[in-house]
Amino acid sequence: MASPKFIPFYPPPEYSESQRRKISSEYYELMNNRRTVREFSSTPISLEVIDDCIKTANTAPSGANLQPWHFCVVSDANVKSQIRIAAEKEEHEFYTHRATPEWLEALEPLGTNKQKDFLETAPVLIVVFMQKYGKLIDGRPCKHYYTQESVGLATGMLISAIHNAGLVSLTHTPSPMNFLNKILDRPENERPFLLLVVGHASSNAEVPNIHRKTIDQIRTII
Ligand code: IYR
C-alpha cells in the first residue's frame, strides 16, 4: 500500500470580516441572478471558455479523489439533432404516459413540455457522465465511491462557472438517458448523469415567475 505524501497547504487570502462579508454577499448576488433558461440563441460560444468551466468542475471534491466523471462537449449540428430526436421520443413517453399526474402538476409552473428545440438551437450541449468504476492503466476495473454525490458536486460547480462566465444553462434530464452512450460512443462504465444545455439566452427569452425559499425556510441555527 502506498503511504500518503503531503505538501504545504496555501490558504485562501486573509480577509477582514468586512471584506469577507462584502465578498460573500457579492457572490450570493451573482448566483442569485442565475436562472435556468429554456430559450437559447444560436450565438456560438468559445470552447476555451467551456474548457475553463469544465476544469472548474474538475476541482470538485470526489470520493477517494477518483474524479468519477466525464464531460462530452457537443457542438456538431448533426449529433445535436440525433440527441434531440432521441430525447424527444423519451419526453413524449414521459409527458403522455410515464409521469404521474402529481409530477405533471409539480411541473406546471415551469411550463415544460416534450418539445426540446434548445437541443438543436443552443451552441453547446455538455453531457455529464458518471463513471461507476474507472480503468487502471492495465485495463483492470477500479471501483469508484460516492459517484452520485461526486458528480452532483462537480455539476453544481460547472453550472456556477458557466453562470460566472456570463452564459446561461439548462439542466435537462430526459429519462432514460442511455441513448446518449450510443450516440456519443461512451463506454459501458459510464452512465449519463445530466445533459447541460449551454449558450446565450434568445433576445426574447422569458423565465417562469417562480421563487426561491428564504434563508429562514432552509436553515436552522442550533
Ligand atoms: N425531463 C422532463 C421533465 C422535467 C422534470 C423535472 I423534476 C424538471 O424539473 C423539469 C422537467 C423535461 O425535461 O421536460
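Trainee: What is the order of the four strands in the open sheet?
Mentor: This is a predicted model, in which local features need pLDDT of at least 70, side-chain atom pairs count only at pLDDT 80 or more, and totals for chains, interfaces and linings use all residues. Residues are numbered from 1 along each chain as its sequence is written, and side-chain values rest on heavy atoms, with hydrogens and water left out. Strands are DSSP runs of E with at least two residues and helices are runs of H or I with at least four, numbered from the N terminus, while two strands pair if DSSP finds at least two bridges between them. With antiparallel pairing, the four strands of the open sheet have the order β1-β2-β6-β5.

Trainee: Which are the edge strands?
Mentor: An edge strand of this sheet pairs on one side only. That applies to β1 (69-74) and β5 (168-172).

Trainee: How many degrees does the twist average from one strand to the next?
Mentor: Axes are lines fitted to C-alpha atoms, for helices over the stretch in contact, and angles run from 0 to 180 degrees between N-to-C directions. From one strand to the next, the twist averages 25 degrees.

Trainee: Which residue in β6 stands opposite isoleucine 126?
Mentor: Strands β2 (residues 124-131) and β6 (residues 190-199) run antiparallel and are joined by eight bridges. Opposite isoleucine 126, the residue in β6 is leucine 196.

Trainee: Which strands does helix α3 touch as it packs on the sheet?
Mentor: Contact means heavy atoms within 4.5 Å. Helix α2 (residues 47-57) lies across β1, β2 and β6 and runs at about 165 degrees to β1. Helix α3 (residues 77-98) makes about 110 degrees with the direction of β1, and the strands touched by α3 are β1, β2, β5 and β6.

Trainee: Is histidine 144 buried or exposed?
Mentor: Buried means under 20% relative accessible area, exposed over 50%, and partly exposed in between (1.4 Å probe, protein chains only). Histidine 144 lies in the loop between β4 (141-143) and α6 (147-164). Leaving aside residues up to four places away in sequence, histidine 144 touches Leu66, Pro68, Gln131, Lys132, Tyr133 and Gly134. Because its relative accessibility is 5%, histidine 144 counts as buried.

Trainee: Which residues make the nonpolar surface patch of about 320 Å²?
Mentor: Patches consist of residues with over 30% relative accessible area and no salt bridge, with like charges joined within 9 Å and nonpolar side chains (Val, Leu, Ile, Met, Phe, Trp, Tyr) within 5 Å. Leucine 66 lies in the loop between α2 and β1, and at 31% relative accessibility this leucine counts as partly exposed. The residues of the patch are Leu66, Tyr145 and Tyr146.

Trainee: What is the N to O distance in the salt bridge of aspartate 52 and lysine 55?
Mentor: A salt bridge is a side-chain nitrogen of Lys or Arg within 4 Å of a carboxyl oxygen of Asp or Glu. Both residues lie in helix α2, three residues apart, about one turn of the helix. Aspartate 52 is partly exposed at 44% relative accessibility, whereas lysine 55 is exposed at 53%. Their side chains meet with an N to O distance of 3.6 Å.

Trainee: How many residues apart in sequence are the parts that glutamate 120 and arginine 84 tie together?
Mentor: The side chains of glutamate 120 and arginine 84 meet in a salt bridge of 2.8 Å, N to O. Glutamate 120 belongs to helix α5 (residues 118-121) and arginine 84 to helix α3, so the separation in sequence of the parts tied together is 36 residues.

Trainee: Which residues are linked in a network of salt bridges?
Mentor: Arginine 84 counts as buried at 16% relative accessibility, and glutamate 120 as partly exposed at 34%. The structure holds 10 salt bridges. The linked residues are Arg84, Glu88, Asp117 and Glu120.

Notes. Accessible areas come from the Shrake-Rupley method with a 1.4 Å probe; for residues, only the protein chains shown count as cover.
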